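Reader: I would like to learn how to read a structure like this one. Could you walk me through its features, starting with the general idea each time?

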Amino acid sequence: MTDKKILVSGVKPTGRPHIGNYFGAMKQFVELQDDYKCYIFIADLHALTTVQNQKELEKNTLDVLLDYLAIGLDPKDVVIYKQSDVPQVTELAWIFNCLTTVPYLERAHAYKDAKASGKEANVGLFDYPVLMAADILIQDADVVPVGQDQKQHIEITRDIAEKFNRIFGETFKLPEPLILESVATVQGIDGKKMSKSYGNTIELFATDEDIEKAVMGIVTDSSGEKPENVYAIHALVRDKGELDNLYTEKKGQYKELKEILASDLKKFITPMREKRELLKKDKKAVLDVLKTGGNVAHKCIEKKMDSIRKKVGLKIS
Ligand code: ADP
Ligand code: TRP
């Protein structure tokens, strides 16, 4: 038995990850893997809310698995699994659905944004936070490392846990979000939040050529003291004290500063990209990680799920 606290988090297989995903969330998974008992999954059921194409979802899922291993998650310590391999999560989400009201979920940002943009949200998107609560609570998570954009989802998770505990008795821990202030919202090359959907990203495993292209495309404003958008991204990969000296020394030389940033990003990305290429060669070994992780997660979760079934009256003893 371990007395380590429990960490749970996941990434949706919806496209290539960017350095915002990495610094905002994924890097914490790696840094905390020795201190916590970690359950890190691929949120394929959440991805279904937007990816409705078999080949694409399969490819994206394998990609996230490779990403996890390439950034340094060690499957000997961390349980790495696919959300859909643990069907108890959807079972629990249904139970939570029956405790959660429609007006309450209508206040969730993702649904509000979809509605504001004139889209007809599918039921999965509306219910997204409830499934996420099930992911987290079924594992008895103490902490959930995420970027700022997921904060509301953790608050909803805590509300659902409290409500369940009130009705059926103490069952779930209230998890804390782990959001690092300096990287809570990493900005993109246009200065707005870096996001797969805004086309303003620097991919985590980008080629040298793509890094150069993205960096040269960073929007700069010549009226300021320093190119803030270049500096903000640079601060992710280089010490701030060093950077301040560099930006003072190279004041006004925006092109050169961008070249230095591109070179620093290459130094940071290249080893991970190369590791990923190596891992990719042994698909069977990589898929085995998922199989083992799925079995372990399934077993851990079943015990808790069974006690929940009993509490709500679904299991007659
Ligand atoms: P995206 O928002 O790009 O579609 P995901 O939803 O897959 O990315 O997010 C994966 C993780 O990365 C989440 O914990 C999320 O909060 C975090 N994240 C996403 N974008 C950023 C950002 N720009 N800065 C910091 N963290 C981010
Ligand atoms: N909603 C998260 C995202 O968009 C992915 C996710 C699903 C998640 N379930 C989770 C993150 C549970 C942390 C814990 O990135």
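Author: Gladly. A polar contact is a pair of N or O atoms within 3.5 Å; within protein, one must be able to donate a hydrogen and the other to accept it, and residues adjacent in sequence count only if both atoms are side-chain atoms. Here, an N or O atom in the side chain of Lys196 lies 3.0 Å from an oxygen atom of ligand 1. This is a predicted model, where local features need pLDDT of at least 70 and side-chain atom pairs count only at pLDDT 80 or more, while totals for chains, interfaces and linings use all residues. Residues are numbered from 1 along each chain as its sequence is written, chains are lettered from A and ligands numbered from 1 in the order in which they are written, and side-chain values use heavy atoms, with hydrogens and water left out.

Reader: Which backbone atoms lie 2.9 Å from ligand 1?

Author: A polar backbone atom of Gly147 is 2.9 Å from an oxygen atom of ligand 1, and one of Met194 is 2.9 Å from a nitrogen atom of the ligand. Accessible areas come from the Shrake-Rupley method with a 1.4 Å probe; for residues, only the protein chains shown count as cover. Taken alone, ligand 1 exposes 530 Å², and the protein buries 93% of that.

Reader: Which residues come nearest to ligand 2?

Author: A residue is near a molecule if one of its heavy atoms lies within 4 Å of it. Of the 13 residues around ligand 2, the nearest are Lys12, Tyr128, Met132, Asp135 and Gln150. Nitrogen atoms of this ligand take part in polar contacts: 2.7 Å to a polar side-chain atom of Tyr128, and 2.8 Å to one of Asp135.

Reader: Which helix gives the most to the shell around ligand 2?

Author: Helices (H or I, at least four residues) and strands (E, at least two) are DSSP runs, numbered from the N terminus. Helix 7 gives the most to this shell, with 4 residues. Strand 1 (5-11) and helix 7 (123-137) each supply at least two residues. For ligand 1, the largest share, 4 residues, comes from helix 1 (residues 19-31).

Reader: How is the protein chain divided into domains?

Author: Domain bounds come from an automatic or database domain assignment. Domain 1 covers 6-185 + 283-312, and domain 2 covers 196-277. Their contact (heavy atoms within 4.5 Å) takes 19 residues from domain 1 and 14 residues from domain 2. The C-alpha centres of the two domains lie 31 Å apart.
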